[in-house]
Amino acid sequence: MTAGDATLLRLTDVVKTFPGVRALDGVSLEVRAGEVHCLLGQNGAGKSTLIKVLSGVYKRDAGEIEWLGEKVNFASPQAAMKAGIATIYQELDLVEEMTVAENILLGHEPRRAGFVQRGQMRRAARGVLARLGHPEIPVSRVVNRLPAAAKQIVSMGRALSREARVLIMDEPSAVLAHDEVANLFRMIRELTASGIAVIYISHRLEEIREIGDRVTVLKDGRAAATNLPARTTPNRQLVSLMTGRTIEYVFPERPATRPAQREPLLTVQGLGRTGEFADVSLTVHSGEIVGIAGLVGSGRSELLETIYGARRPDAGAVEIGGRRLRAGSVGAAVRSGIGMAPEERKSQALLLGEPVYRNITLATFARYAHAGLTRMDRERAAAAAVAADLELRPRDVRRVVSTLSGGNQQKVVVGRWLLGRTRLLLLDEPTRGVDVGARAELYQLIRRLADDGVGVLLVSSEVPEVLGLADRVLVMREGRVIHEAPAKDLDEHGVLDLIMAGSLTADEVVVP
Amino acid sequence: MTRSEVAAPAATPAPADRRPGWWQRESTEPVRRNLGLIGVLVLLVAVGAYTRPDIYLNSDLAMRNILTILTQASTIGVLTIGMTFVIIAGGIDLSVGSLVGLASVWCTTLATQSYGWGGMIFAAIVVATMAGLVNGVLIAYGRLVPFIATLAMLVAARGLAARISAKRTQVNSVTEINNIAETRILGIPLLVLIFAAVVAVGWVLLNRTTFGRRTVAIGGNPEAARLAGINVRWQTLLVYGLSGLCAGIAAIMLVSQTNSGASTNGEFWELDAIAAAIIGGTALSGGRGTIIGSLLGVVVFATITNLFIVNNLPIEVQNIVKGGIIVGAVLLQQFRVGGLIRRKP
């Protein structure tokens, strides 16, 4: 009973706002039975929000969702699943300690008089796996003993057992090896042949070409284009639809002198960590801002944390100021003048219940102390100086840090390294969740630090930010540095091409 | 020219640097909580004054009764100070009661007694501190969950104490030790003064030293502490050592009170210490707690016990009341935290 090109799902002007952000700003989109509909967009374009609205995690603020021709309003993920929309998230939501069969039939186990009928459950699970072409997965095996690819199949099996008609897959290939991706595509084709629609999210253009039917490009919470043919739309058009953000940031000017002439401050040689990144070599000079562009999962954050000693490398070495840094020791890194503002401000950087000044002096309070006794007056004075320097608002350093806005919290995290003798600053997504005004101030601050001779290594998902702020840019893809160039020789298109496709499209190659 | 109506953004009242009154400031939260505990204490005294005015309102007896309460509180109070550090650091120490038993037995063996009072104090403190450090090593470097590691120590230390003492109560004949409980300085029992000294040292340690700052940091956000260059494991180890040290001090105090050491000493004291720290406002999730709060928690419990004793009420009922107070205090804390979150826009 293939429904041909019947429309299963139609979104009209869907809006979802969060305090301060319009995450979805009127998205319209339709999904037909049996198609693979690809969603494309940069980080922050609204893909995740859209998925969550579709799967009932968020409630939309405005707009309409039609499901099988009827207006619906999914109150919960359960409701969406019951209607036939299943979502396979990147971090698979399987119960690791339960068996394959239990996971596939989780929540609708065959039962009689309150007792789960285990035999029947195993038979049903076997049937589902056979339909996916994987009868070899043992249904009684505990899920945490399966490889990632098999877990994904179990996750798809669950959707199938629920008789889902739309399957949303959020970057399913990110956890898979090359030949496993081919197998994934084979399964997707079988599902679509039986009339199921797949909403496929990926950053890899070549995958979209291979498996996709139609493409919708999201930008700034809107569909920049929808229903593009996946196979024939040129890369150049897709990339240009994704780029050109509406908000223009003001970046500080680069200094005229080339810091690259100086002695290297940080030298990384052949650094690698299995499964995260491999053979990374880079240098940062004092006074230089080096940006790393790459997707989430490209190994960039892991690289930063490894340089900082928060992770232990499997290969390679880090030198700072000509001296080799002890691997795997944050203490050694901090003592040699390295500071890091980590990716997750709240979970990795701040003591949220403590006053601002204690957060600013978290790495340095021992230096103000005398014989083990802290000198809070001196700490407060030093923190107040930093707060004034960063134009922290409110200025009072005795306030509890959780009462500050995101931008001001980030200033506290960066400000921590203005005290002490920081020579090299590692910044991981320094402007995530920071409003526009505070962003400009942070950019000024970072540039001023560099002008004072600090070396900066910056990671950001926002390509314009890397290009606008950095002197030199490294592009990372799947754990490797694939390109390096001065920022002024690159543009957003070129970098996005490199990030997503691994090479510059022919007409985009920039002649140096 | 058309006049466009632009909705001027409502002039936001400058969040500015106008500081809120002290009673609204987040930084005074612990102080306000402690005032609440003092309120509870006043209430308990009022109950005492109503039910036994002959004791609570008699100037002579009242003073003596207060010193009795504080003496009662002193031993568990010392444990509570150590426990406060452990909980603020994000852990829990279930072994302290057992360590009191073990240290009391170890320091009252005939062999140890032959070294005199100095040898006994040394033995009690070293044994308990070492056991605390073992907890610390298991948790910080063996990556055991604190609950499991200290539960194992609870069982093992109790067993070791029973083994050493052959399950007999060991009478202490070193008079200097026995005299500790009898000694008064300026009318105040030495046990109370020891407790006061531990409280004072604990307060300075927590609020005025890098040790205290690191303790709060590793409990409040271990990842942030680690990424700021703090040696989280080493600090964890030290904190459990400190808790063991407190158990050693408490063991000496107990031996002086009972003139003996026994493997059953200090049973369930870990629970009293945890309860006192918690009603004193120490957050089980770590990163938050005060020494003064824990002191008040201990005194509140001791006062409840006293009220039951002076009114000749059965001990079982007292435990029911204590349980109720623990739940009430934690509910109150959750309510406050919830209020704090909701207050944000």
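How many residues of chain A are in contact with chain B, and how many residues of chain B take part? I shall answer that for the structure above, which is a predicted model.

In this model, 30 residues of chain A are in contact with 25 residues of chain B. On the chain A side, three helices each supply at least two residues: helix H10 (330–335), helix H11 (345–348) and helix H13 (365–368). Of the elements there, H10 of chain A gives the largest share, namely three residues.

The domain assignment divides chain A into domain 1, covering 7–242, and domain 2, made up of 259–352 and 422–508. Between the C-alpha centres of these two domains of chain A there is a distance of 33 Å.

Which elements of domain 1 of chain A give two or more residues to the side that touches domain 2 of chain A? They are helix H7 (205–211) and helix H8 (235–242) of chain A. In the contact between the domains, twelve residues of domain 1 of chain A meet 14 residues of domain 2 of chain A. The largest share of the domain 1 side, five residues, is contributed by H8 of chain A. By type, the residues on this side of domain 1 of chain A comprise four nonpolar, five polar and three charged.

That concludes my presentation; thank you for your attention.

Terms used. Residues are numbered from 1 along each chain as its sequence is written. Chains are lettered from A and ligands numbered from 1 in the order in which they are written. This is a predicted model: local features need pLDDT of at least 70, side-chain atom pairs count only at pLDDT 80 or more; totals for chains, interfaces and linings use all residues. Domain bounds come from an automatic or database domain assignment. Two residues are in contact if their C-beta atoms, placed from the backbone, lie within 7 Å. Helices (H or I, at least four residues) and strands (E, at least two) are DSSP runs, numbered from the N terminus. Ala, Val, Leu, Ile, Met, Phe, Trp, Tyr, Cys and Pro count as nonpolar, Asp, Glu, Lys and Arg as charged, and the others, Gly among them, as polar.
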